[in-house]
Amino acid sequence: MEDLYLEIITPEEILYDGPVGLVEVPGAQGRFVLLRDHAPIISTLVRGDVRVIGKDGYDHHFKCKEGVLECHENHTVILMNKWVDENDADL
């Protein structure tokens with residue numbers, strides 16, 4: 001079985017690049033979760049927390065202000081205009 005593969009990219013850097021067990025994002029119509037074999041989807045992202053559970057079982061959290069997500073054939077790409085540190089009070 002093919003793992004769900006995730007890339008989180010900003011103009012400045014690649015924040016995450018690897019296989020994951022779960023991705024939870026703040027979609028424009030509400031939070032949703034992506035798992036392996038998810039149906040193809042394109043969604044805008046709003047301000048909130050992107051949660052990733054890596055294949056190692058660890059939770060990773062990324063704060064985003066806005067972005068776009070595409071998932072197709074177990075490959076998910078999240079493009080964020082800007083990511084903010086968890087300590088950023090502006091989020």
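This briefing describes the fold, confidence, surface and side-chain contacts of one protein chain. The model is predicted, and the protein chain averages a pLDDT of 90. The protein chain has seven strands and zero helices. Six salt bridges and one aromatic pair are found in the structure.

**Confidence of the model**

- Of the residues in the protein chain, 88% score at least 70 in pLDDT.
- Confidence is highest in strand 4 (residues 41–45), at a mean of 97.
- Confidence is lowest in strand 7 (residues 75–84), where the mean is 85.
- Where pLDDT is low, the predicted coordinates should not be read in detail.

**Overall architecture**

- From the N terminus on, the order of elements is β-β-β-β-β-β-β.
- The protein chain has 91 residues, and buried residues make up 38% of them.
- Among contacts in the protein chain with a separation of 6 or more, 50% are between residues 24 or more positions apart.
- The protein chain exposes about 5,400 Å², of which carbon and sulfur atoms supply 50%.

- Glu24, Arg31, Arg51 and Asp59 are linked in a network of salt bridges.
- Arg51 is partly exposed, because its relative accessible area is 25% and the partly exposed class lies between under 20% for buried and over 50% for exposed.
- Asp59 likewise counts as partly exposed, at 40% relative accessibility.

**The salt bridge between Asp3 and Lys55**

- The side chains of Asp3 and Lys55 meet in a salt bridge, at 3.3 Å from N to O.
- This pair links distant parts of the chain, with Asp3 and Lys55 lying 52 residues apart.
- Asp3 is in the segment before strand 1 (4–9), whereas Lys55 is in the loop between strand 5 (48–54) and strand 6.
- Asp3 is partly exposed, with a relative accessible area of 32%.

**The aromatic pair**

- A pair of aromatic rings is described by the distance of the centres and the angle of the planes.
- The one aromatic pair of the structure is formed by Tyr16 and Phe62, whose ring centres are 6.3 Å apart.
- The planes of the two rings stand at 75°, so the pair of Tyr16 and Phe62 is edge-to-face; the cut-off for this class is over 60 degrees.
- Tyr16 lies in strand 2 and Phe62 in strand 6, and the pair links these distant parts of the chain across 46 residues.
- Tyr16 counts as buried at 14% relative accessibility, and Phe62 counts as buried at 11%.

- Ile42, Val68 and Leu79 make a nonpolar surface patch of about 290 Å².
- Val68 is located in strand 6 (residues 59–72).
- With a relative accessible area of 40%, Val68 is partly exposed.

**Residues with positive phi**

- Asp37 has a phi near 65°, which is a positive value in a residue other than glycine.
- The position of Asp37 is in the loop between strand 3 (30–34) and strand 4.
- Asp37 counts as exposed, at 56% relative accessibility.
- Asn74, also a residue other than glycine, has a positive phi near 60°.
- Asn74 is found in the loop between strand 6 and strand 7.
- Asn74 is buried, with a relative accessible area of 9%.

How values were computed. Residues numbered from 1 in each chain as written. Predicted model: local features only at pLDDT ≥ 70, side-chain atom pairs only at ≥ 80, totals over all residues. Heavy atoms only, no water. Patch = residues over 30% accessible without salt bridge, like charges linked within 9 Å, V, L, I, M, F, W, Y side chains within 5 Å. Areas by Shrake-Rupley, 256 points an atom, 1.4 Å probe, with all protein chains shown as cover. Salt bridge = Lys/Arg side-chain N within 4 Å of Asp/Glu carboxyl O. Helix = DSSP H or I, 4+ residues; strand = E, 2+ residues; numbered from the N terminus. Buried < 20%, exposed > 50% of the residue type's maximum accessible area, 1.4 Å probe, protein only. pLDDT = per-residue confidence, 0-100. Phe/Tyr/Trp six-rings, centres within 6.5 Å; stacked < 30°, edge-to-face > 60°. Contact = heavy atoms within 4.5 Å.
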